[in-house]
Each structure stands twice: as C-alpha cells, then as structure tokens.
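Biologist: Please take me through how this chain is put together. I will ask about its parts one at a time.

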Amino acid sequence: MGRPQELRSMLRESSEINIVCHNNPDPDCLASALALGRIAATAGIDERHIFYSGDISHQQNRAFVNLLDVDLKPFDTAEVEDRPPDSLLAFVDHSIPGRNNTVPPDTPVDIVIDHHPTGDIDARFVDHREELGAAATILTEYVRALEVDLDSDLATALLFAIRSDTLDFLRGATNVEYEAAGYLHDHGDPELLRKLSSPSVSGGTIDAISTAIDNRRTNGAVLISHVGRTTERDSLPQAVDYLVRLEGVRTAIVFGLVKESIQISARSPDPRVHVGDVLNNAFGDVGSGGGHHDVAGGEIPLGLFADYVTDDGQLLDIIEQVITARLVAELNLSAEADGSELT
C-alpha cells in the first residue's frame with residue numbers, strides 16, 4: 001500500500017479532522033490544508049476544520065484566502081485537547097507541536113505532511129520530504145493518486161502554492177514540482193492565477209521595505225537591515241527578497257518589531273551559508289529560528305527588552321545592537337560594515 005492509500009485508510013476510520021496551519025500561514029500551507037480537507041471529504045469525513053494562528057497579512061495570502069473563499073478558524077487549544085478517539089489532528093507544511101504553531105508541546109499528532117528540515121517528528125502518519133520545494137507538491141501527488149475530483153479552484157491553489165514556495169521554480173524546485181505543475185496547469189484557472197500573482201501592495205508594506213533599504217548595512221557579501229516597527233509582518237520576507245538581489249550581496253537578513261516579538265527573515269543563495277542553521281544557532285536560546293539553507297525565518301519574544309524601556313526608538317536601538325551582534329558573531333564577520341559599526 002502506498003502512502004496516499006495509507007492516508008485514505010486512516011481517514012476512513014475517522015469522523016473528524018482538524019488541520020492546523022503554521023503561524024501566519026502562506027499559500028503552500030493553505031493550499032495543502034485545502035487539499036487534505038478535500039481528500040478527507042472523499043474518505044467520508046464531514047467534520048473538517050482548518051485552524052491558524054497569527055496573522056494573514058501578506059497581500060498574496062490575503063488574496064488567496066479571499067479569492068478562494070478559504071474557511072479558516074482561529075486556533076483554540078481546546079480544539080486539540082480531549083478529542084474523541086476518531087478525531088484526527090493534522091499538520092501541513094510544519095511538523096512539531098509548539099514550533100511555528102501554538103499547539104501545546106507534546107500534543108499527540110496524527111498526520112504530518114511537510115518538506116521543511118526538521119527532526120523528531122512524532123505522528124501516526126508522516127510524509128516528510130526535505131528534498132521537495134513545497135508541501136503542495138506532496139498533496140498534489142496524493143490528489144492525483146487517489147483520483148480526487150480536481151476542480152479549478154483547488155488546482156489553481158496548489159499550482160500557485162508551488163510557484164510561490166519555489167519563487168517560480170527558481171528556488172528548491174525539483175522534477176517532481178515540474179511534473180505536479182504540468183498536471184495542475186491543465187485543470188487550473190489562468191485568470192484566477194493571475195489575480196493571485198499580482199495583488200495590490202499596502203502602503204505599510206512599501207514603507208517597511210523603504211525603511212529596510214535605508215537601514216541596510218553590508219559586510220562583505222552579507223547584508224543586515226531592519227524595518228523598525230511594522231504591522232506588516234510579511235513585509236520582512238518581501239524586503240529581504242528585494243535586498244538579497246543587491247549587487248555583491250550573497251546573504252541578506254532583515255528583522256523588525258511586529259506586535260510583541262522580533263521577527264527575522266533571511267535569504268542566502270550562497271552555498272557556503274545555511275541561513276536556517278545561522279538563525280537557529282544565533283537565536284535558539286532566546287526564541288526560535290530555522291529553515292532551509294537558502295530561506296529561513298525566526299521569532300524572538302520581546303520579553304525583558306520591553307520591560308527596560310518604554311520609548312520605541314530606544315527599544316529599536318537596543319534590539320538592533322543585540323540582534324546584529326549575534327548575527328555578526330554567528331557569521332564570523334568583522335565589526336565594520338560600510339564604515340559603520342555593527343556591534
């Protein structure tokens with residue numbers, strides 16, 4: 001029995017599935033959740049829920065939810081506690097309770113479908129393929145193998161997710177992504193795909209990217225910057241995607257204050273640098289950080305920072321010094337950057 005058939009067999013023994021997205025879900029996570037929900041429906045599960053924590057603030061994510069009419073519910077711990085025996089808990093595009101989600105650690109998980117580097121996955125059913133560029137690729141394989149009715153909305157969602165997570169097949173794409181995209185293309189809606197690919201950008205996002213450009217400091221091939229305080233969490237990956245294209249830059253890291261935490265986004269096409277390891281090593285003791293060798297993110301609770309200062313400007317100065325110093329140490333950089341001290 002193959003993995004798709006294994007999954008369907010598990011689903012047929014259940015009456016409910018709770019699909020939990022990671023914090024601030026992106027198109028890959030959302031499309032994967034939609035596909036898993038559709039597979040569960042064909043297996044006879046009527047009670048299907050998709051939960052998320054955090055915000056859906058990136059303009060593409062908002063467009064995705066609105067145009068595809070995704071039924072999302074804010075995550076509540078009660079939803080995963082004291083579940084009946086035939087109720088399933090599933091993670092897509094993430095894998096560990098308490099890591100990039102608000103599920104209590106040590107919560108039993110039934111299904112994990114993920115492609116992010118990690119270890120110690122504990123679930124009844126696991127399909128974890130780090131070599132792939134998107135979780136949606138795995139779900140496309142399942143939809144195809146199980147002959148699930150593929151309408152244009154689901155096909156477009158999965159195709160957009162694969163394109164988004166692989167930067168239009170320029171990052172981490174494999175032959176499996178191309179094969180999945182070819183299959184989905186025949187069923188998708190080109191006009192809907194165009195709308196998802198080019199949503200309007202908020203003024204807050206433009207302001208944050210502008211601030212990151214102004215605050216950039218380079219040290220050799222490494223660029224470090226920050227967006228200050230912003231309500232647009234997803235402006236950070238957009239800023240870092242832009243700045244890593246600067247001539248001579250091979251690694252870019254952008255951080256900023258979002259609500260009560262410090263968010264960090266990193267990119268590095270340099271094969272000598274694993275930015276997932278960089279963020280994990282630099283901030284694992286005070287928050288969380290990790291990801292692929294070329295794409296990574298992190299989050300640090302403000303904690304004591306917020307207790308010592310009430311002025312936002314002073315708080316940003318302290319955070320910039322501490323975050324930059326840790327990155328400089330982890331990347332073995334000198335203290336000078338474009339004539340300005342980083343530490």
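Modeller: Domain bounds here come from an automatic or database domain assignment. The model itself is predicted.

Biologist: How far apart are the centres of domain 1 and domain 2?

Modeller: Domain 1 covers 3–197 and domain 2 covers 204–331. The centres are taken over C-alpha atoms, and their separation is 27 Å.

Biologist: How much area do domain 1 and domain 2 bury between them?

Modeller: Each side has a part in the contact: domain 1 gives 11 residues and domain 2 gives 11 residues. Carbon and sulfur atoms hold 40% of the buried area. The total between the two domains is about 1000 Å².

Biologist: Which side chains meet in a salt bridge?

Modeller: Between domain 1 and domain 2 the count is one salt bridge. A pair qualifies when a side-chain nitrogen of Lys or Arg is within 4 Å of a carboxyl oxygen of Asp or Glu. At 3.1 Å, N to O, the pair is Lys259 and Asp55.

Biologist: How is the side of domain 1 that touches domain 2 divided by residue class?

Modeller: Across this interface one residue pair is in polar contact, both at pLDDT 80 or more. The domain 1 side divides into three charged, seven polar and one nonpolar.

Biologist: Which residues touch the most other members of the largest nonpolar core?

Modeller: That core has 56 residues. Beyond its neighbours within four places in sequence, Ile17 is in contact with residues including Leu11, Leu36, Leu88 and Ile111. The residues asked for are Leu11, Ile17, Phe64, Ile111 and Ile113.

How values were computed: Residues numbered from 1 in each chain as written. Predicted model: local features only at pLDDT ≥ 70, side-chain atom pairs only at ≥ 80, totals over all residues. Heavy atoms only, no water. Contact = heavy atoms within 4.5 Å. Buried area = accessible area lost by both parts, 1.4 Å probe. Polar contact = N/O pair within 3.5 Å; in protein donor to acceptor, adjacent residues only side chain to side chain. Nonpolar A, V, L, I, M, F, W, Y, C, P; charged D, E, K, R; others polar. Core = buried A, V, L, I, M, F, W, Y, C linked by side-chain atoms within 4.5 Å. Buried < 20%, exposed > 50% of the residue type's maximum accessible area, 1.4 Å probe, protein only.
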